[in-house]
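Reader: I have a model to go through with you. Could we begin with the overall picture and then turn to the details?

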Amino acid sequence: MMKTIFALLALFASASAFVPSTSAPVVKTALSAVQQPDAMKTISTVAAGFMPAILSSSAAMATEGTNEWFGVDDLRVLAVLFAGHYFILSLWLGQYGNATEDDDADFFGEIDYTGR
């Protein structure tokens with residue numbers, strides 16, 4: 001019985017977390033609480049688009065302690081990695097390279113076993 005009452009009280013407590021607050025005036029968003037000049041908005045917008053491109057491109061040159069790109073010491077291993085990926089890419093392009101969105105070959109309908 002005690003477990004049931006505890007579970008019911010826990011349910012009420014978690015449901016009350018989603019009730020809107022009526023005690024204090026609250027702004028609609030956190031961004032509307034801060035007034036920024038237009039130049040600062042423009043600079044932050046440019047930085048938001050520029051920084052991910054800079055940071056993600058440096059991941060290809062991550063050395064992982066080996067002082068070599070992609071963390072590979074031996075160039076033969078690196079060649080095999082790239083050759084394997086290009087082989088799988090060639091298989092995929094050979095099968096689906098000429099697929100377009102307009103040829104009505106989407107996934108709606110039955111499976112075509114005729115090998116079209």
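Author: This is a predicted model. Of the 116 residues of the protein, 2% count as buried. The protein exposes about 11200 Å², and carbon and sulfur atoms supply 68% of that area.

Reader: What does the secondary structure come to?

Author: The protein has three helices and zero strands. From the N terminus on, the order of elements is α-α-α.

Reader: Which element has the lowest mean pLDDT, and which the highest?

Author: The lowest mean, 77, belongs to helix H2 (residues 38–57), and the highest, 90, to helix H3 (residues 75–96). The protein as a whole averages a pLDDT of 75, with 64% of the residues scoring at least 70. Where pLDDT is low, the predicted coordinates should not be read in detail.

Reader: On to the surface. Which residues form the nonpolar patch?

Author: The patch consists of Met1, Ile5, Leu8, Leu9, Leu11 and Phe12, which together have about 670 Å² of accessible area. Met1 lies in the segment before helix H1 (2–16).

Reader: Is Met1 buried or exposed?

Author: Met1 counts as exposed, because its relative accessibility is 78%, and the cut-off for exposed is over 50%.

Reader: Now the aromatics. How many aromatic pairs does the structure hold?

Author: There is one aromatic pair. Trp92 and Tyr96 form it in a tilted arrangement, 5.9 Å centre to centre with 45° between the planes.

Reader: How are Trp92 and Tyr96 placed in helix H3?

Author: They are four residues apart in helix H3, so about one helical turn separates Trp92 from Tyr96. Trp92 counts as partly exposed at 48% relative accessibility, and Tyr96 counts as partly exposed at 46%.

Note on methods: Residues are numbered from 1 along each chain as its sequence is written. This is a predicted model: local features need pLDDT of at least 70, side-chain atom pairs count only at pLDDT 80 or more; totals for chains, interfaces and linings use all residues. Side-chain values use heavy atoms; hydrogens and water are left out. Helices (H or I, at least four residues) and strands (E, at least two) are DSSP runs, numbered from the N terminus. Buried means under 20% relative accessible area, exposed over 50%, partly exposed in between (1.4 Å probe, protein chains only). Accessible areas come from the Shrake-Rupley method with a 1.4 Å probe; for residues, only the protein chains shown count as cover. pLDDT is the predictor's confidence in each residue, from 0 to 100. Patches are made of residues with over 30% relative accessible area and no salt bridge: like charges are joined within 9 Å, nonpolar side chains (Val, Leu, Ile, Met, Phe, Trp, Tyr) within 5 Å. A salt bridge is a side-chain nitrogen of Lys or Arg within 4 Å of a carboxyl oxygen of Asp or Glu. Rings of Phe, Tyr and Trp (its six-membered ring) pair if their centres lie within 6.5 Å; planes under 30 degrees apart count as stacked, over 60 as edge-to-face and the rest as tilted.
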